[in-house]
Amino acid sequence: MRAAANLLLAFAAQWQDLEHLMPPQGGDKVIDSALDPAKPNYSKDKPTLYRERHGWCPYSERSWLALEHLNVPYDTIRIDNTGPGRKPSYFSGQTPQMRWPEGNTQGESMDLVLEVNERFGGDLYPSADVTATADKFRKIFPSKSRPSSRAAFLFGWSGEPLWKSEFERVLSETDELLGSTDGPFFCGESFTAADIAWAPFLE
């Protein structure tokens, strides 16, 4: 077993070999507002995504995934959500939010996914089943629990862990939903908004 593992490692590509093949992540311009709190000059041609600074917020990841999947040019402003007084003066509310080129700002992760899809001619909602499957997320995942992608829905807001039986129920019902259609995705053969709704919470 050890010899086989060593052989695999010997032929595995190293990160530095793959990095230059990767498309840029996070859009064209990325601003860390904790390090640069000055109000930015917003693009008049591209949307600007306000997302959680460390990549821990699964709701921010939803909007981020939609933009990346549809190859939409966009800018990113990273917001520190770890405590009061850390957000820049020009930002209020929760992440994610999107500032559109015409100047208006919108929130709510799946509303943003829908808007990105409609504005940029996406393929994320090929049928009504997509919305129905995405909505099942709220029914299956436990309420009054913390949605951090570091340990999604494993702890209540009190900090206490959820019961093992509840965790196992969520896994079982999620697996059943995944197995209810043909193909590797939540709605069958193609990647849709339903996968964007679920994926950040299944890491």
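1. The crossing of α5 and α6 is right-handed; a crossing gets this name if the near helix is turned clockwise from the far one by less than a right angle, and is left-handed if anticlockwise. Helix α5 covers residues 128-140 and helix α6 residues 164-178. Helices (H or I, at least four residues) and strands (E, at least two) are DSSP runs, numbered from the N terminus.

2. This is a predicted model, in which local features need pLDDT of at least 70 and side-chain atom pairs count only at pLDDT 80 or more, while totals for chains, interfaces and linings use all residues. Residues are numbered from 1 along each chain as its sequence is written, and side-chain values use heavy atoms, with hydrogens and water left out.

3. The axes of α5 and α6 are 11 Å apart, and the two helices pack at an angle of about 165°. That makes α5 roughly antiparallel to α6 (over 145 degrees; under 35 is roughly parallel, 65 to 115 roughly perpendicular, the rest oblique). Axes are lines fitted to C-alpha atoms, for helices over the stretch in contact, and angles run from 0 to 180 degrees between N-to-C directions.

4. On the α5 side, T133, K136, K139 and I140 make the contact, and on the α6 side R169, V170, E173, T174 and L177 do. Contact means heavy atoms within 4.5 Å. By class, this contact has four charged, three nonpolar and two polar residues. Ala, Val, Leu, Ile, Met, Phe, Trp, Tyr, Cys and Pro count as nonpolar, Asp, Glu, Lys and Arg as charged, and the others, Gly among them, as polar.

5. Helix α3 (residues 58-69) and helix α4 (residues 109-119) cross at roughly 10°, and their axes come within 8 Å. The two are therefore roughly parallel to each other. Y59, R62, S63, A66 and L67 of α3 meet S109, M110, L112, V113 and V116 of α4. Seven of these contact residues are nonpolar, two polar and one charged.

6. Two backbone details sit in loops. The peptide bond from T95 to P96 is cis, with omega near 5°, and P96 lies in the loop between β3 (75-79) and β4 (97-99). N71 is not a glycine, yet has a positive phi of about 55°; N71 belongs to the loop between α3 and β3.
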